[in-house]
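Please keep the sequence and the structure open as you read.

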Amino acid sequence: MTDPADPFVDTLIATAEADPEVVGLVLAGSSAQPWRRDQWSDHDFLMITADGTQERYRTDLSWLPDNEQIAFWFRETAHGLKVLYRTGLLVEFAVFDRGEFAGCGLNHYDVAIDRGGIAELAEAIQARSLAPRTVDRPAELRNFLCLVYIATGRARRGELLSASVFVHHYSLEHLLVLLRDLLPPDQCDGLDALDVWRRFETADPSLGAALGDAVSRPVEEAARALTDVADRELRVRWDGYPAAETQVVRDLLGW
């Protein structure tokens, strides 16, 4: 349920309830789970409006609570916007008609307004979004290793900006997909099924700290440290781990 003490959410719901064009309001993220909120939490919500009206809500933000306090906003996707308030509150939302809403993704949510079929639709969207996906472990490992190899080569060439992105984002993302797939089920409850980066440190604090330490280093050191973490962890978590493939990259890079 929503948090009755949150003035932004209270005003948002009241405003939407008073608008006959609004057919649904779905809170997401920490807005749907207020016990997770802290000073750095944003507000996430999805608003469903009558067919043909949704674009107006994406271009005229006068309906948002405390809109006079908006510092700036921008259109992030066809349906979604980000809004930063002068108070420091960040709001991320999307506006859909029913058909557009059916194509979105949902993790945790709370239906605050339902004028017909929104709860059922949200339930189906969540079930589709959270359906188990098969992870191709060899492919994720090989992608990780190739990206580490590319990043290190670019760093040695002097392309540090590109190399940094390859190490700190591209390669780590594949490693996180692989490691999350290898976590025991009881450690996965708090993970964000739609965002591989979110709350890994909560699920496995020691491994999260090791990964964080690795990527805090200069580019080639980070690449080597990530490879060390991957090799160590995969040896004990993955039956059939192809350690020889990791060794190929180590040898090529002189590690």
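Strands here are DSSP runs of E with at least two residues, numbered from the N terminus. With that in hand, His43 lies in strand 2, which covers residues 43–49. Keep in mind that this is a predicted model.

**His43 and its surroundings**

Is His43 buried or exposed? Its relative accessible area is 3%, and buried means under 20%, so His43 counts as buried. Its side chain makes a polar contact with the side chain of Ser31, at 2.7 Å. Setting aside neighbours within four places in sequence, His43 is also in contact with residues that include Asp6, Phe8, Val9 and Arg37. Leu89, Leu90, Val91 and Glu92 are among its contacts too.

Strand 4 spans residues 80–85 and is mostly covered, with 5 of its 6 residues buried. Its two pairings can be set side by side:

| Pair | Sense | Bridges |
|---|---|---|
| Strand 3 (residues 70–75) and strand 4 | antiparallel | 5 bridges |
| Strand 4 and strand 5 (residues 90–96) | antiparallel | 5 bridges |

How many residues does the hairpin between strand 3 and strand 4 run through? The hairpin joins them through 4 residues. The hairpin of strand 4 and strand 5 has 4 residues between the strands, and there Gly88 takes a positive phi near 100°.

How values were computed: Residues numbered from 1 in each chain as written. Predicted model: local features only at pLDDT ≥ 70, side-chain atom pairs only at ≥ 80, totals over all residues. Heavy atoms only, no water. Buried < 20%, exposed > 50% of the residue type's maximum accessible area, 1.4 Å probe, protein only. Polar contact = N/O pair within 3.5 Å; in protein donor to acceptor, adjacent residues only side chain to side chain. Contact = heavy atoms within 4.5 Å. Pairing = 2+ DSSP bridges.
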